[in-house]
Structures are given as structure tokens and as C-alpha cells.
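Colleague: I'd like to learn how to read pockets and sheets in a model. Can we go through one together?

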Amino acid sequence: MEHRINTVKPLKNFVVSVIFQNGVKKEYDVHQLFSAFPQFRKLENTENLFEQVKVDIGGYGISWNDELDLNAEEIWRDGVDTGNKHEIDIMCLVGTALIEARQSIDMTQRELSEKVHIHQADISKIERGLANPSIQTLKRLADGMGMELKVEFLPKTKS
């Protein structure tokens with residue numbers, strides 16, 4: 001499964017707090033990279049650069065500038081799970097479900113786009129949680145993947 005990042009926040013001592021689209025929160029110590037990858041020392045030597053961290057388009061990683069970035073899979077693998085699970089926006093949940101369904105059948109966004117006649121950019125927006133697709137659009141996407149669309153109403157769990 002491919003992990004995507006929803007939000008990132010810089011903390012003290014060159015640690016970033018990352019919330020993934022599945023709600024898992026992890027902390028990653030960027031300081032550990034300073035000796036192995038000298039370019040990361042710029043975070044230490046350039047005032048306020050570390051605080052400028054942002055999520056890359058699509059949630060595939062985080063970056064500070066064109067030279068300094070980290071891949072989501074590395075953060076997922078080597079980050080420390082805080083044990084906190086965050087409630088994720090429904091649009092992000094829909095996006096994650098679409099990504100997982102599409103990848104489970106090895107279909108690209110482009111292939112799905114061509115099959116269902118929905119612009120690839122619109123599919124990308126849905127997957128990133130930036131669009132509010134209608135039930136009919138979700139049904140078209142499911143049909144295009146040879147899948148059934150299932151909507152459930154479940155009791156809330158207490159946390």
C-alpha cells in the first residue's frame with residue numbers, strides 16, 4: 001500500500017509531525033539525516049527554513065525547497081508512531097479508498113480517466129481529497145474499475 005501525507009508540522013529539534021491520510025500520526029527526526037546527507041544541514045544553517053516544510057502535491061512526501069525533500073514511504077517506515085489516530089476528513093477517506101481500489105487492480109489515473117471519460121486532473125483532485133464527487137461520479141469510477149460502490153452508515157466509535 002502506498003502511504004500519502006495529509007499534513008506536516010515542524011516541531012522542535014528538527015522533528016516533523018506528519019499525519020497520513022489514514023489518520024496515523026508519526027514523528028520523524030530529520031536531524032538523523034544531517035550526517036548521511038550533508039544537504040540537509042541547510043535546515044540547520046538557514047534561518048527559518050525548517051519551519052517552511054510543506055506537503056508535496058499528491059501527499060507523496062514533504063519538502064522544504066527543490067533540493068530538500070523526504071518521501072512519504074520513508075517517513076512511514078522510519079517515523080515513530082505517536083499512537084494518536086486523527087479523524088480524517090471524509091473527502092480524504094474517499095480519496096484514499098479510490099487510490100487503494102485503483103492500485104489493487106494496477107490501473108493508473110490515466111487509464112481510469114480514459115475508461116470513464118472523467119478528466120485525469122479531476123480524478124487526481126478526488127484522490128487528494130480536494131474534490132467533492134457526487135455519488136454518480138463515484139459509481140462511474142467504481143464501474144470503470146469493475147468494482148461495486150458501497151456506502152455505509154456506521155455508529156460512531158468512542159475514542
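Colleague: Which helix gives the most to the lining of the largest pocket?

Modeller: First, the ground rules. This is a predicted model, where local features need pLDDT of at least 70, side-chain atom pairs count only at pLDDT 80 or more, and totals for chains, interfaces and linings use all residues. Residues are numbered from 1 along each chain as its sequence is written, and side-chain values use heavy atoms, with hydrogens and water left out.

Modeller: Rolling a probe the size of a water molecule over the atoms shows where empty space is left. On a 1 Å grid over the protein atoms alone, a pocket is an open set of points where a 1.4 Å probe fits, with protein on both sides within 12 Å along at least five of seven lines; lining residues have an atom within 4 Å of a point. Here α3 gives the most to the lining, with 7 residues. Helices are DSSP runs (H or I, at least four residues), strands likewise (E, at least two), numbered from the N terminus.

Colleague: What volume does the largest pocket have?

Modeller: About 1,300 Å³, counted as the space filled by probe spheres set on the points. Of its 32 lining residues, those closest to the centre include Ile90 and Glu152.

Colleague: How many bridges join β2 to β3?

Modeller: 5. One partner pair is Ile19 with Lys25 in β3.

Terms used. Two strands pair if DSSP finds at least two bridges between them.
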